[in-house]
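Good morning, everyone. Please look at the screen, and I will walk you through the model.

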Amino acid sequence: MNGTRPDKSKLYYPKMPSTWWLKTPAYFLFMLRELSSVFIALFLIVYLTRIYQLTHGPQAYAASFESLRSPGWIIFHALAFLFAVFHSVTWFQSTAVVMPVRVGGKVLPPRTVTAVNIGAWIVISLIVLILFVTLRG
Amino acid sequence: MASGKNIDPLWWGLFSAGGVVAAFLVPIHIILFGFAVPLGWIQDAATLYQNWLVKIYLFVLISLPLYHWAHRFYFALNDMRLGIPRKPLAILCYGSAIVGTIATVWVVLQI
């Protein structure tokens, strides 16, 4: 090991074409999952720009949401929703594997953990919906 | 991140916190603010944003998933082997998330 390591230029580095992720469905889904974060971030930035309109008064705020009625925005939000759901499901699946849950010395099967998380997700979503409807005054 | 090994855990921590927030909270918010409010299913709620708990909630909801995006976008572009230099890409991704955080703080304090 000492000093016998070959010159870096003589080491073998596999050449990966930048289209490697298009060749296998699993790799393509992996890239789609990574892409979901782009749609989630875009949605949040759009939402932030709508809230910002409140500084110009409640009417400007309401008008900024009316502008989101156009087909282009509806398609954007439909895509963003699909990607967000894809993120949620894959996130719960991976955390169940990465962070095993032990109950009474036994490791719960990842499927159970995923199912519990999906249940919690639905409950939290309903709570947000109910809070929004009841608190808006 | 390429610029220093010592702060790697910070970016990973923000990545997972953002991932959790995005997984549990973002889909319902897209239904509410992408469909329900624009299409008039639910009336808008301008007064809601004066509540401090709502301001803090919005800060968490908007800022943390930006770090989740930065982390995934940085590594995905690296994995794609597009030949983009790592360090500027890292600064662009994580820097954008920091700018987004400052913008979020500013907006929630203004409204």
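One definition to start. A residue is buried if 20 or more other C-beta atoms lie within 10 Å of its own, exposed if 12 or fewer, and partly exposed in between, with C-beta atoms placed from the backbone. Take Arg81(B). Arg81(B) has 14 other C-beta atoms within 10 Å, so Arg81(B) is partly exposed. Arg81(B) sits in the loop between helix 2 and helix 3 of chain B. Helices (H or I, at least four residues) and strands (E, at least two) are DSSP runs, numbered from the N terminus. The phi of Arg81(B) is near 55 degrees, a positive value in a residue other than glycine.

Now some ground rules. This is a predicted model, where local features need pLDDT of at least 70, side-chain atom pairs count only at pLDDT 80 or more, and totals for chains, interfaces and linings use all residues. Residues are numbered from 1 along each chain as its sequence is written, while chains are lettered from A and ligands numbered from 1 in the order in which they are written.

Next, confidence. pLDDT is the predictor's confidence in each residue, from 0 to 100. Chain A has a mean pLDDT of 91, and 94% of its residues reach 70 or more. For chain B the mean is 92, with 95% of its residues at 70 or more. Among the elements of chain A, helix 3 has the highest mean pLDDT, 97. Strand 1 of chain A (residues 102-103) has the lowest, 88. The complex gets an ipTM of 0.92 and a pTM of 0.89 from the predictor.

On to the core. A nonpolar core is a set of buried Ala, Val, Leu, Ile, Met, Phe, Trp, Tyr and Cys residues joined through C-beta atoms within 7 Å. The largest one here has 45 residues. Ile40(A), Phe43(A), Ala84(A) and Ala70(B) have the most contacts inside it. Which helix gives the largest share of this core? Helix 1 of chain B, with 11 residues.

Contact also has a cut-off: two residues are in contact if their C-beta atoms, placed from the backbone, lie within 7 Å. Leaving out residues up to four places away in sequence, Ile40(A) touches residues including Phe83(A), Ala84(A), Ala22(B) and Trp69(B).

Stay with helix 1 of chain B. The expected span of a helix is 1.5 Å times one less than its number of residues. Helix 1 of chain B has 29 residues, so it should span 42 Å; its end C-alpha atoms are 39 Å apart, which agrees. This helix bends by about 45 degrees at Leu25(B), and Pro27(B) follows within four residues. The bend is the angle between axes fitted to the seven residues ending there and the seven starting there.

Over to helix 3 of chain A. Its 28 residues reach 40 Å from first C-alpha to last, close to the 40 Å expected. Its buried residues, among them Phe81(A), Trp91(A) and Ala96(A), pack against helix 1 and helix 4 of chain A together with helix 1 of chain B. Why does Ala96(A) count as buried? Because Ala96(A) has 20 C-beta neighbours inside 10 Å. Beyond its neighbours within four places in sequence, Ala96(A) is in contact with Pro110(A), Val113(A) and Thr114(A).

Last, the contact between the chains. Chain A gives 44 residues and chain B gives 41. Helix 1 of chain A supplies 13 residues, the largest share of the chain A side.
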